[in-house]
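Subject: Handover of a structure and notes on it

Dear colleague,

Please find the structure below, together with the notes I promised. I would be grateful if you read them with the model open beside you.

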Amino acid sequence: MNNEAPDRHAFTRVRHEVVRRTLRVTARQQLTPRMLRILFESSDLAGFHSPSPDDHIKIFLPGQGEAAPAMRDFTPRAWNIEAGSFTLDFALHPKGPAVEWAHNARIGDTLEIGGPRGSNVAPSDFDWYLLVGDATALPSIARRMESLPGNTPVHVVALVAGPEEQPYLAPSPSQHVTWLHQAGSLAAGSSVADSTAGQLPRLLEAINHAKPPTGDGFIWVGAENTLARGIYRHVVDTLAHPPEWTKAAAYWSQGEADGGGSIS
Ligand SMILES: Cc1cc2nc3c(=O)[nH]c(=O)nc-3n(C[C@H](O)[C@H](O)[C@H](O)COP(=O)(O)OP(=O)(O)OC[C@H]3O[C@@H](n4cnc5c(N)ncnc54)[C@H](O)[C@@H]3O)c2cc1C
């Protein structure tokens, strides 16, 4: 006889009507050297719904000069429908329409967004949560840290450029962050971008240490494509974590524009 409650650890899929909205920049906040927060106002937010911390919206970037218009995926970091406010956090990297738009954004500039199209909402009844990501996933990780019940054990493994990026997360007493610094691990002459795939062994080692040995846990991964795939295989194949309790997504792909996509 199966004594498990049927809805234990049940994920909920939600489809949303896709609505396009216009945001207007009200402020810029340089949170850390590589994380730029843009605050917006909008009169279009009625009905905006983002029930999962790993939801994404599309931002629509107008073409400039010879550049074609572009769409990129971003995490709705915070919003308040009554106040008409909306927040996006941009992990700065050398080149791309989204990061360049954020870098040049001035108060009064507008940005079109669409979505989210759908959400896959993880339950809050796991014994623990292990969240693994690079700088692009920190907005989602921060949302999940803020939304889980107060005393839930949360372990984060975060790959960032250096210690100056750490203030972005504000862990509560039941939340622990293992920071890995990319710049400090570089071989002489290589750039942060070149070294991305080489970070996998360090990430796997940190995950092995951070994963609690017992209890039911949810493992979430958001990172560069090669890293996210390598972490997913390790978690499911080597650590034998149940695939249905593991969600991984490529948040970007080295050398490829708009390279995000889900893995599991
Ligand atoms: C579900 C989801 C949610 C996301 N949420 C956020 C978010 O809230 N904040 C955020 O900053 N990003 C987020 N991302 C990642 C973001 O969509 C990508 O980094 C995107 O490629 C940035 O677009 P771009 O126009 O700046 O660069 P692109 O034109 O897409 O890429 C140009 C070049 O830059 C490289 N590149 C792209 N991103 C990075 C990076 N982070 N570091 C180094 N090189 C890079 C590419 O490989 C390519 O060679 C999210 C992605 C997904 C899938």
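Is His9 buried, exposed or partly exposed? With 17 C-beta neighbours inside 10 Å, His9 counts as partly exposed. The terms are defined as follows: a residue is buried if 20 or more other C-beta atoms lie within 10 Å of its own, exposed if 12 or fewer, and partly exposed in between, with the C-beta atoms placed from the backbone.

Two remarks on conventions are needed before going further. Residues are numbered from 1 along each chain as its sequence is written. The model is predicted, and local features need pLDDT of at least 70, side-chain atom pairs count only at pLDDT 80 or more, and totals for chains, interfaces and linings use all residues.

His9 is found in the segment before strand 1 (12-15). Helices (H or I, at least four residues) and strands (E, at least two) are DSSP runs, numbered from the N terminus. Although His9 is not a glycine, its phi is positive, at about 55°. Ala240, also not a glycine, has a positive phi of about 55°. Ala240 sits in the loop between helix 4 (225-238) and strand 14, and it is exposed, with 8 other C-beta atoms within 10 Å. A further feature is the cis peptide bond between Gly115 and Pro116, where omega is about 5°. Pro116 belongs to the loop between strand 8 (110-114) and strand 9 (118-121).

**Domains and their contact**

The chain is divided into domain 1 (13-118) and domain 2 (123-262); such bounds come from an automatic or database domain assignment. Taken over C-alpha atoms, the centres of domain 1 and domain 2 are separated by 23 Å. The contact between them takes 15 residues from domain 1 and 19 residues from domain 2, where two residues are in contact if their C-beta atoms, placed from the backbone, lie within 7 Å. On the side of domain 1 that touches domain 2, strand 2 (20-32), strand 5 (70-74) and strand 7 (85-91) each supply at least two residues. Strand 5 gives the most to this side, with three residues.

**The strands of strand 8's neighbourhood**

Two strands pair if DSSP finds at least two bridges between them. Strand 8 is joined to strand 2 by five bridges, and the two run antiparallel; here Arg21 has Ile113 of strand 8 as its bridge partner. Strand 4 (residues 57-61) also runs antiparallel to strand 8, through three bridges, and Phe60 has Glu112 as its bridge partner in strand 8. Strand 8 has a covered face, with Leu111 and Ile113, and an uncovered one, with Thr110, Glu112 and Gly114.

Six strands form an open sheet of mixed pairing, in the order 12-11-10-13-14-15. Strand 12 (175-181) and strand 15 (261-262) stand at the edges with a single partner strand each, so one side of each is left without a neighbour in the sheet. Strand 10 (residues 128-134) runs parallel to strand 13 (residues 217-224), with six bridges joining them. Six bridges also join strand 10 to strand 11, again in parallel. Leu131 stands opposite Trp220 in strand 13 and opposite Val156 in strand 11.

How many residues of strand 11 are buried? Seven of the seven are, so strand 11 is largely enclosed by the rest of the structure. Val154, Val156, Ala158 and Val160 point one way from strand 11, while His155, Val157 and Leu159 point the other way.

**The nonpolar core**

A nonpolar core is a set of buried Ala, Val, Leu, Ile, Met, Phe, Trp, Tyr and Cys residues joined through C-beta atoms within 7 Å. The largest one has 54 residues, of which Val132, Val221, Ala223, Ala228 and Ile231 touch the most other members. Strand 11 (residues 154-160) provides the largest share of this core, six residues. Not counting residues up to four places away in sequence, Val132 touches Val157, Leu203, Ile207, Val221, Ala223 and Ile231.

**The ligand**

There are 28 residues around the ligand, and Thr75, His93, Gly96, Ala98 and Gly260 come nearest; a residue is near a molecule if its C-beta atom, placed from the backbone, lies within 6 Å of it. The shell around the ligand draws at least three residues from each of domain 1 and domain 2.

With kind regards
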